[in-house]
Every structure is written in structure tokens, then in C-alpha cells.
2 protein chains.
Amino acid sequence: MYDRSCYVVNAMTDIADRTTAAPRRKRADGERTRSAILREAASLATVDGLEGLSIGNLAAALGMSKSGLYAHFGSKQELQLATVAEAGRIFAAEVVEPALAAPAGLGQLLAVCEAFFEHLQRRTFPGGCFFAGAALEMGTRPGPVKEAVAAFQAAFVDLLRGFAVTAIEQHELPPGEDPDGLSFELNGIILAADANFVLHGNTAVLDMARRVVRRRLGVTSDASA
Amino acid sequence: MYDRSCYVVNAMTDIADRTTAAPRRKRADGERTRSAILREAASLATVDGLEGLSIGNLAAALGMSKSGLYAHFGSKQELQLATVAEAGRIFAAEVVEPALAAPAGLGQLLAVCEAFFEHLQRRTFPGGCFFAGAALEMGTRPGPVKEAVAAFQAAFVDLLRGFAVTAIEQHELPPGEDPDGLSFELNGIILAADANFVLHGNTAVLDMARRVVRRRLGVTSDASA
DNA sequence: GATCAGATAGCACGATCGTTCGTGCTATTA
DNA sequence: TAATAGCACGAACGATCGTGCTATCTGATC
């Protein structure tokens with residue numbers, strides 16, 4: 001069922017894009033600045049949180065004025081929404097898309113976990129996984145930002161689930177395996193890896209997470225050396 | 001190895017208590033007020049975060065003045081440390097101690113997970129697990145508050161690990177089982193349950209988490225009805 | 001090259017942040 | 001009962017928050 005994966009990936013990539021109306025931009029420098037702002041915003045948000053992210057700090061980090069930055073979005077909430085969308089694009093590019101190159105089924109399931117651990121280890125963001133932090137932070141704050149984060153998180157678990165279903169169909173996993181339970185578990189391992197990595201900064205927890213994933217999926221750890 | 005569990009539990013209960021110097025209190029009403037402040041602070045922190053928790057909001061929620069509240073702690077960081085300690089006491093009382101009543105080994109492993117899920121379902125805190133949110137939030141902010149949160153999180157995983165070791169010694173788990181990997185996994189399931197519950201507010205994810213835990217521990221789900 | 005919309009900056013606003021100070025009030029104790 | 005000390009208060013501080021308004025500048029279009 002390749003269609004299912006494609007659907008979910010497209011959903012993940014475009015989730016927050018469709019939450020913002022078309023801005024009708026004309027000049028290229030503005031678009032460049034906007035991209036630079038969002039990249040920095042996503043990075044800062046993993047440290048200070050989406051709510052703790054302030055216009056003043058963000059502008060100072062980019063060497064521009066508060067009002068000049070503010071004019072790109074019109075409100076803090078729009079900035080947050082655009083930041084979530086940017087983080088989604090980065091996540092899709094760094095974690096999801098590399099996994100799609102792997103063999104469908106168990107291969108993609110392993111690949112997406114490995115890509116996530118590399119995403120952490122490479123320290124794309126100083127505060128670990130953007131969405132892990134954003135989910136816990138915004139979960140208690142109703143509004144469009146929370147909805148965007150929740151939709152992305154659900155789409156990611158759905159992606160895992162789709163890989164698991166294919167793996168079961170291809171008899172790479174026991175027929176009695178529950179796709180919902182498995183995707184829930186793998187998501188948990190990913191969250192535990194992020195939490196421990198952020199808290200203790202030790203890359204050893206990522207190796208532990210890799211071992212746990214392989215063991216859970218019944219893969220003989222020949223690639224550990 | 002009952003001593004091991006006791007050691008960890010005491011460590012968890014007292015982790016943040018020893019981080020604050022003796023305040024030399026004399027009057028009973030002050031102690032009562034302080035307790036009320038900390039209970040409310042722990043609750044508010046699961047919604048706004050430990051950093052987003054503001055003196056003004058906290059005072060307003062308690063119907064007292066900012067300065068009157070502030071005098072109890074002397075700085076926001078001291079308030080945060082005391083709040084972490086209070087949350088630790090609540091977690092120990094609601095999640096850890098009930099589990100100690102269960103049969104040592106696998107029984108305690110199951111009981112502590114179940115107690116955690118009930119802790120969520122009962123909505124002790126409006127924002128789910130205090131430490132799950134605090135870990136992601138403070139992980140990127142070096143200082144004594146982060147250290148207290150990290151110590152508590154490590155102590156909890158150690159608790160799980162101790163239960164797992166006992167369960168293996170008692171042949172309730174396969175001899176090849178890895179206590180580090182298992183405690184890491186269970187911690188992940190707990191984090192996933194919290195994240196999903198907070199994001200989507202659906203108690204169904206808790207039932208899913210219960211199923212996943214029982215299946216992971218090889219328990220026949222006779223208690224599902 | 002003139003025109004115009006978009007990009008950026010400067011300045012100021014009301015609100016809220018953590019924090020400090022001085023002052024009564026009250027529970028405790030000698 | 002008088003003295004002491006902890007508790008709570010109102011007011012105010014400098015700083016920063018998100019958010020507007022206005023002016024200047026600059027890249028794109030004819």
C-alpha cells in the first residue's frame with residue numbers, strides 16, 4: 001500500500017502550509033528574510049519553547065529590528081504557525097524522506113527510526129526534536145497552533161503504522177502483530193530517546209534506543225559493529 | 001533486592017528537598033500557605049511550564065498578593081526548585097508508593113505503570129505528567145532546576161530497572177531480557193501515553209498503553225474485561 | 001528612469017515580568 | 001501581657017513582552 005505512505009507524507013509536509021493564507025509576496029529579499037527568520041525561530045523554539053520564543057530575542061539573533069521582523073507575520077500566533085510549518089518541512093526532509101528510500105515495510109520502519117536518531121545526533125536543533133517539545137508544551141493550550149502540532153504528531157504515528165502494516169503484509173513481522181500498538185511503542189521509544197538525550201546530552205542513549213528498536217522489530221543486530 | 005527499591009524511592013522523594021536550605025519556619029499558617037502555593041504551582045506548571053509559571057498568575061490563582069507570595073521563596077528559581085520538589089512528592093505518593101505494595105518483581109513493574117496511567121486518567125494535574133513536560137522544557141536550560149528534574153527522571157528509570165532485575169531473578173521474565181533496555185522501553189511507553197493523552201485528551205490511548213505494557217511484559221491480558 | 005508595493009527601521013503604547021522596599025498584622029513565646 | 005519574628009500587603013522599580021503607527025528605503029515593473 002504505497003499510496004498510504006505518500007498520502008501521509010504529503011499530509012505531514014503540507015499540514016501547516018494550508019493553515020496560513022497565501023501572502024502574495026513579490027520581492028525575493030523578503031522571502032529570503034522570511035526563510036531565515038523561520039529557520040532561526042524553529043531552532044530557538046526548541047530551547048525556549050514556542051511560547052517562550054519572543055519577537056525581541058528572535059530579531060536580535062537575526063540582527064534585525066523587532067518591527068521589521070514582526071511585519072512578516074502580523075501576530076505572534078502567525079509566527080508560531082509558520083514556525084511549526086517550517087519545523088515540519090525540516091522534519092520531513094531529514095527524517096521522513098530519507099526513510100522512503102528504504103525498502104517498503106520493515107526496511108522503512110527501521111530507516112525512519114534511524115533517521116530520527118541521526119536527526120538528534122546531528123543536532124539539527126539545539127533542543128532536540130521540535131515536535132516532542134512542542135507537543136508537551138502546546139498540548140494544554142487550545143488553539144490553531146496546538147492543532148497543527150497535534151495533526152503533525154498524528155500524521156507521524158500514522159506513517160509508522162503504515163510501514164508496520166506493509167511489513168506485516170510482507171511477513172516481515174508476525175501476523176499477530178498489532179500495527180497500532182507497534183507504532184505507539186516506536187513513537188514511545190523515539191520520545192524516550194529525545195527526552196534522555198536532551199536531559200543528559202549523552203549519545204549513549206541513542207545507541208540504546210537503536211538496540212531497543214532492532215530488538216523490538218526482531219532484527220538480528222548484525223549492523224551494530 | 002528490596003533494599004534497592006527503597007533506596008531509589010527515598011532518593012526520588014528527597015531529591016529536591018535537599019536542594020533547598022532549611023528555612024527555619026516557626027508559624028503554622030505560613031507553612032500551610034506555602035503548601036497551598038506549591039500545590040497550585042505544580043498544577044499551573046503543567047499548563048504553562050516551569051518557566052511560563054509567573055508569580056502574578058500564581059498569586060492571582062491563590063487570591064493573594066505577588067509580594068506576599070514572593071516572600072516565601074526569595075527568587076523565582078527557588079520557587080521552581082520547591083515546585084519540582086512538591087511535584088516529586090506528589091508523584092512518589094501517587095505513582096511509586098502504590099506500586100511498592102504489589103508483589104516484588106513483575107508485579108511492581110506492572111503496578112507502577114498502571115499507577116502512572118491512573119495518575120494521568122485521574123487528572124491530578126491538568127497538563128498531564130509534571131516531569132514529562134518539565135524534562136523537555138528544562139533540558140535545554142542548564143541550572144539547578146534542570147539538575148533536579150534530571151535527577152528525578154533518572155531515579156524513576158532506575159526504579160523501573162530495579163523492578164526488572166528482580167523480575168528476571170525470579171524468572172518472571174526471560175533470562176536474556178535486558179533491564180536497561182526494558183526500563184528504557186517502559187519509560188518510552190509512559191512518555192508516549194502522556195504526550196498522546198495531553199495532545200488528544202482521549203482516554204483510549206491509556207487503554208492502548210496498558211495493552212502495550214502487558215504485551216511487552218508477556219502478561220496474558222485476563223484483566224482486560 | 002519614474003512608479004509603486006513590499007521590506008525594514010524607529011518610536012511609543014499598555015501590560016506584564018521578576019524583584020525590592022516599607023509597613024502593618026498576627027501567631028508564637030517568654 | 002509585652003516583645004519578637006514571621007507573614008502578608010500595596011506601591012513601585014526597570015526591563016521586556018506583543019503590538020501598532022509612521023517614515024525611509026529598495027527591489028520589481030512599465
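## Surface near DNA strand C

Five helices each supply at least two residues of the surface near DNA strand C: H2 (28–52) and H4 (66–70) of chain A, with H2 (28–52), H3 (55–62) and H4 (66–70) of chain B. Helices here are DSSP runs of H or I, at least four residues, and strands are runs of E, at least two, numbered from the N terminus. This is a predicted model: local features need pLDDT of at least 70, side-chain atom pairs count only at pLDDT 80 or more, and totals for chains, interfaces and linings use all residues. Residues are numbered from 1 along each chain as its sequence is written; chains are lettered from A and ligands numbered from 1 in the order in which they are written.

## The bend in H2(B)

H2(B) bends by about 100° at Thr46(B) (the angle between axes fitted to the seven residues ending there and the seven starting there). Thr46(B) is buried, as are Ala45(B) and Leu44(B), among others in H2(B) (buried: 20 or more other C-beta atoms within 10 Å of its own, C-beta atoms being placed from the backbone).

Chain A has 10 helices and 0 strands. Buried residues make up 47% of its 225 residues.

The largest nonpolar core has 141 residues (buried Ala, Val, Leu, Ile, Met, Phe, Trp, Tyr and Cys joined through C-beta atoms within 7 Å). Helix H8 (residues 144–169) of chain A gives the most to this core, 13 residues. Val112(A) and Val112(B) are among those with the most contacts inside it.

Notes. Buried ≥ 20, exposed ≤ 12 C-beta atoms within 10 Å, placed from the backbone.
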